[in-house]
Amino acid sequence: MRRTGTTRRGALTATGALALGAVLTGCGGDDEGAGGKKPARAATAKAEKALREKAVRDGALLLARYDLVAEAHPATAAGLEPLRAAVAEHGKALAPPRAKDGPKKGDEAPPAPAGPVSADPGAAVRELAAAERRRADGYGEALLAAGPELARLLASVAAAAAAHAYLLTELAEETAV
């Protein structure tokens, strides 16, 4: 008696052929023929550049605030320096890639934040902690609009800002004693 119908070998061959066809279909084509994905990528790149520029500006303002507190309360300077250095590194990491022609006019750091620093060292450090918490929250919200690479970077910086807020709160308690 001769066997008819589908064999196991035939079924596996057909399944493999279908899978290979699906993979090759997904790999083919260019962006222009796929329904205009290039404008979407350009919009995403523009949004990410704006996110990066805002993050750098906010970081520069925070650095200026660290400097003001350290200048007004020299006893806190040693505790603030490592955190300030980390904020500076975050600014470098978040900076948008520069064009080949170099920095443009108006790319310099923003001026120091307005307003005096609290006369109480503990209160001044608590204000820095609040600024770091706002920074962490802002980066957390920015994750929704960022692409995968920038989102990972923002998540890392947000975590560091939250840790800074905690450390600054501890430093404020030590300073108040």
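One term before you start clicking: buried means under 20% relative accessible area, exposed means over 50%, and partly exposed is in between (1.4 Å probe, protein chains only). This is a predicted model, where local features need pLDDT of at least 70, side-chain atom pairs count only at pLDDT 80 or more, and totals for chains, interfaces and linings use all residues. Residues are numbered from 1 along each chain as its sequence is written, and side-chain values use heavy atoms, with hydrogens and water left out.

**Stop 1: colour by confidence.** pLDDT is the predictor's confidence in each residue, from 0 to 100. The protein averages 78, and 66% of the residues score at least 70. Select helix H1 (residues 8–27): confidence is lowest there, at a mean of 51, while H3 is highest, at 93. (Helices are DSSP runs of H or I, at least four residues, and strands are runs of E, at least two, numbered from the N terminus.) Now pick residues 20–34, where pLDDT stays under 50 and the model has five contacts beyond four places in sequence; contact means heavy atoms within 4.5 Å. Where pLDDT is low, the predicted coordinates should not be read in detail.

Stop 2: In soluble globular proteins, nonpolar side chains tend to be buried together.

Next, centre on Leu168. Leaving out residues up to four places away in sequence, Leu168 touches Tyr66, Leu80, Leu83, Val125, Leu128, Ala129 and Glu132.

**Stop 3: Val87.** You'll find Val87 in helix H3. Is Val87 buried or exposed? At 1% relative accessibility, Val87 counts as buried. With residues up to four places away in sequence not counted, Val87 touches Gly59, Leu62, Leu63, Tyr66, Glu132, Arg135 and His164.

**Stop 4: the charged pairs.** A salt bridge is a side-chain nitrogen of Lys or Arg within 4 Å of a carboxyl oxygen of Asp or Glu. How many does a search of the whole structure find? It finds six salt bridges; here are some to click on.

- Lys49 and Glu53: the closest N and O atoms are 3.9 Å apart. Both residues lie in helix H2, four residues apart, about one turn of the helix. Lys49 is partly exposed at 40%, as is Glu53 at 31%.
- Asp58 and Lys54: the closest N and O atoms are 2.7 Å apart. This pair is also in helix H2, separated by about one helical turn because the residues are four apart. Asp58 is partly exposed at 31%, and Lys54 at 43%.
- Asp120 and Arg126: these side chains meet in a salt bridge at 3.7 Å, N to O. Asp120 is partly exposed at 38%, and Arg126 at 41%.
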